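Subject: Structure handover

Hello,

Here is the structure I promised to pass on. Please open it first, then read my notes below.

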Amino acid sequence: MLEEHAKVVQFIGVADGITGRKKLQKMIYIAKKLQYPYKEKYEFHVYGPYSEELTLRVEELCNMGFLHEERQDKGSYVQYKYQMTDAGEHFTQMAQVEEASPALLSCITQMKAKSSRFLELVSTLLYFDQMPKEDQIEKLHVVKGKLNFTEDEIEEAFSFVMNLMNERAIL
């Protein structure tokens, strides 16, 4: 049971911290869709795929001292930053979590460099990946119409996913 907790701690540690709850949700969802071993269940929510299970897991990890949550007041909203603690590093070692593969390391690094908005776009497209590309785009405009994603952003999202999939196959 705690193996899944340890994988989340390791993910955040590999990323050298993640700023934003939404970003963390999207990054793990995308990794899961790319067949990395994450088991959290996701449902479609206001900001795209969301896992209540992941939210609770992160809260538990903070309470256990394996993750540090820093609240940053941004005026009109609060942003959260998550860091792996020394206890968290020890926890992942004790849980004997398999070391992150080069492909996963690259995937996490590339996702961290993207904005939450872009990751919301990518994860939403992946949520509908069983549909043909045109239908995915149409569905995106229905569920995310207010975000006004451009054709260029959508194409960049598809290219981003293909690049990550190719790296997963090669590395």
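A helix here is a DSSP run of H or I with at least four residues, and helices are numbered from the N terminus. Ser-106 is found in one of these, helix 5. Please keep in mind that this is a predicted model.

Three of them form an open sheet in the order 1-5-4, and the pairing is antiparallel. Strand 1 and strand 4 are the edge strands, as each pairs on one side only.

Strand 1 covers residues 18-19 and strand 5 covers residues 78-84. These two pair over 2 bridges. Ile-18 has Tyr-82 of strand 5 as its bridge partner. Thr-19 stands opposite Lys-81 in strand 5.

Strand 4 takes in residues 67-73 and pairs with strand 5 over 7 bridges. Here Arg-71 has Tyr-80 as its bridge partner. The hairpin of strand 4 and strand 5 has 4 residues between the strands. In that hairpin, Gly-75 takes a positive phi near 90°.

Helix 1 lies across strand 1, strand 4 and strand 5. It runs at about 100° to strand 5.

**The core**

Which residues have the most contacts inside the largest nonpolar core? They are Phe-11 and Met-111, in a core of 47 residues. Several elements give two or more residues to this core, including helix 1 (2-14), helix 2 (21-33), strand 5 and helix 8 (151-170).

Look at Phe-11 next. Leaving aside neighbours within four places in sequence, Phe-11 is in contact with Ile-18, Leu-24, Met-27, Ile-28, Ala-31, Tyr-38, Ile-108 and Met-111.

**Helix 8**

Helix 8 has 20 residues. From first C-alpha to last it reaches 29 Å, close to the 28 Å expected at 1.5 Å a residue. Its buried residues are Ile-154, Ala-157, Phe-158, Phe-160, Val-161, Leu-164 and Glu-167. An α-helix has 3.6 residues a turn, so residues three or four places apart point the same way. What covers the buried residues of helix 8 includes helix 2, helix 5, helix 6 and helix 7 (133-143).

Is Ser-106 buried or exposed? Ser-106 is buried, because its relative accessibility is 18% and the cut-off for buried is under 20%. Not counting residues up to four places away in sequence, Ser-106 touches Glu-167 and Leu-171. Glu-167 is itself one of the buried residues of helix 8.

Gln-72 is found in strand 4. It counts as buried because its relative accessibility is 19%. A polar contact of 3.4 Å joins the side chains of Gln-72 and Glu-70. Beyond four places in sequence, Gln-72 touches Thr-19, Tyr-77, Val-78, Gln-79 and Lys-81.

Where is Phe-66? Phe-66 sits in the loop between helix 3 and strand 4. With a relative accessible area of 16%, Phe-66 is buried. Not counting residues up to four places away in sequence, Phe-66 touches Val-9, Leu-61, Gln-83, Met-84, Thr-85, Ala-87, Gly-88 and Phe-91. Phe-66 and His-90 are 24 residues apart in sequence and 8.6 Å apart in space, C-alpha to C-alpha.

That is the handover.

Best wishes

Terms used
Residues numbered from 1 in each chain as written. Predicted model: local features only at pLDDT ≥ 70, side-chain atom pairs only at ≥ 80, totals over all residues. Heavy atoms only, no water. Pairing = 2+ DSSP bridges. Core = buried A, V, L, I, M, F, W, Y, C linked by side-chain atoms within 4.5 Å. Buried < 20%, exposed > 50% of the residue type's maximum accessible area, 1.4 Å probe, protein only. Contact = heavy atoms within 4.5 Å. Expected span 1.5 Å × (residues − 1). Axes fitted to C-alpha atoms, helices over the stretch in contact; angles between N-to-C directions. Polar contact = N/O pair within 3.5 Å; in protein donor to acceptor, adjacent residues only side chain to side chain.
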